[in-house]
Amino acid sequence: MADTVLYEVSDGLATITLNRPEAMNALDIAAKVALRDAVRSAAADDAVRAVLLTAAGERAFCVGQDLKEHIGLLAADRESGEGRTMSTVREHYNPIVRALTEMPKPVVAGVNGVAAGAGFGFALAADYRVVADTAAFNTSFAGVALTADSGVSWTLPRVVGPGRATDLLLFPRSIKAQEAYELGIANRVVPAAELRAEAERVARTLAEGPTVAYAAIKEAVAFGYGHSLAETLEKEDELQSRAGASQDHAIAVQAFVDKERPKYLGR
């Protein structure tokens, strides 16, 4: 796996770190491929019970597409007539976002700095966002004459509402950490110096939790947003039966009766 993305698994937690701080963790092709592979590895690994997605450096979580590389690729497309540059959405961004949102385990984003464009999209694809008080978010797409990608047209309206999402997409601006918290983009804002420790603490807490129940919660929330109450009630019945049959549910009930803290197995 390329050094542009670091991947480590420890005690059930997979930590994925964007590692191009000198470029504000901008996404060149190598970084996109490495990130896609890392997220897919975490999703497929049964030993992984939670994921922490974060970035190296202090200035940026991820500023999206590496425009220095992008402009060269556009020029090559004009010469060849192939138009392959924008296939990165299909080849890289879409698989990354689907893996983050669909994996049956919780994903925490530790947002250490600016999250713009696809970087914003990846943060929104996480289930929980711990944000440094110096961080900021920006949709950015319209600023370079593009539309939303990396799932932003799906995730952002679900977080802030369709009207506000349209405003933020049509008129990109910097959303500081406190406003992000008020809008629901940030779940928790902490001093920048404490960001990594707090994000890891949250992620490790989830890695030690009832993984089957967490997977069901993710699925239920995603399903319920786009379906009727009747359909959602049926889905809740299905998912609750699954969670209720898990070893962790039995462990939790016994621990409650014994007045002990449950030690979950993740199955």
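Analyst: Let us begin with burial: a residue is buried under 20% relative accessible area, exposed over 50% and partly exposed in between, with a 1.4 Å probe and protein chains only. By that rule Glu198 is buried, because its relative accessible area is 17%. The model is a predicted one, in which local features need pLDDT of at least 70 and side-chain atom pairs count only at pLDDT 80 or more, while totals for chains, interfaces and linings use all residues. Residues are numbered from 1 along each chain as its sequence is written, and side-chain values use heavy atoms, with hydrogens and water left out.

User: Where is Glu198 placed, and which residues does Glu198 touch?

Analyst: Secondary structure comes from DSSP runs, numbered from the N terminus: helices are H or I with at least four residues, strands are E with at least two. Glu198 belongs to helix H8, residues 195-207. A contact means heavy atoms within 4.5 Å. Leaving aside residues up to four places away in sequence, Glu198 touches Val130, Arg188 and Val190.

User: How many helices and strands does the chain have, and how does its radius of gyration agree with that of a compact globule?

Analyst: The chain has eleven helices and ten strands. The radius of gyration is taken over C-alpha atoms, and the globule rule is 2.2 Å times the number of residues to the power 0.38. For 267 residues the rule gives a value near 18 Å, and the chain has 19 Å, which agrees. Along the principal axes, the C-alpha atoms fill a box of roughly 70 × 40 × 35 Å. Buried residues account for 44% of the 267 residues. Of the contacts between residues at least 6 apart in sequence, 68% join residues at least 24 apart.

User: What share of the accessible surface belongs to carbon and sulfur atoms, and how far apart do the centres of the positive and negative side chains lie?

Analyst: Accessible areas come from the Shrake-Rupley method with a 1.4 Å probe; for residues, only the protein chains shown count as cover. The surface of the chain comes to about 13400 Å², and carbon and sulfur atoms hold 54% of it. For charge, Lys and Arg count as positive and Asp and Glu as negative, without His and the chain ends. Each charge is placed at NZ of Lys, CZ of Arg, CG of Asp or CD of Glu. There are 28 positive and 35 negative side chains, and the centres of the two sets lie 1 Å apart.

User: How many aromatic pairs does the structure hold?

Analyst: A pair of aromatic rings is described by the distance of the centres and the angle of the planes. Rings of Phe, Tyr and Trp (its six-membered ring) pair if their centres lie within 6.5 Å; planes under 30 degrees apart are stacked, over 60 edge-to-face and the rest tilted. The structure holds two such pairs. Tyr93 and Phe122 form an edge-to-face pair, because their ring centres are 6.0 Å apart and their planes stand at 65°. This pair links distant parts of the chain, with Tyr93 in helix H3 (residues 88-102) and Phe122 in helix H4 (residues 118-125), 29 residues apart. Tyr93 is buried at 2% relative accessibility, and Phe122 is buried at 0%.

User: What of the pair formed by Phe120 and Phe137?

Analyst: Their ring centres are 5.2 Å apart with planes at 45°, so the pair is tilted. Phe120 lies in helix H4 and Phe137 in strand E8 (residues 136-138), so parts 17 residues apart in sequence are tied together. Phe120 is buried at 0% relative accessibility, as is Phe137 at 1%.

User: Which buried residues does helix H5 have, and against which helices do they pack?

Analyst: In helix H5 (residues 152-160), the buried residues are Val152, Thr155, Leu156, Pro157 and Val160. They pack against H4, helix H6 (162-170), helix H7 (177-183) and helix H9 (211-225). After H5 comes Gly161, with a positive phi near 95°.

User: Which residues have a positive phi although they are not glycines?

Analyst: Asn25 is one of them, with a phi of about 55°. Asn25 sits in the loop between strand E2 (13-18) and helix H1 (29-44), and is buried at 2% relative accessibility. Lys259 also has a positive phi of about 55°. Lys259 lies in the segment after helix H11 (247-258) and, at 80% relative accessibility, counts as exposed.
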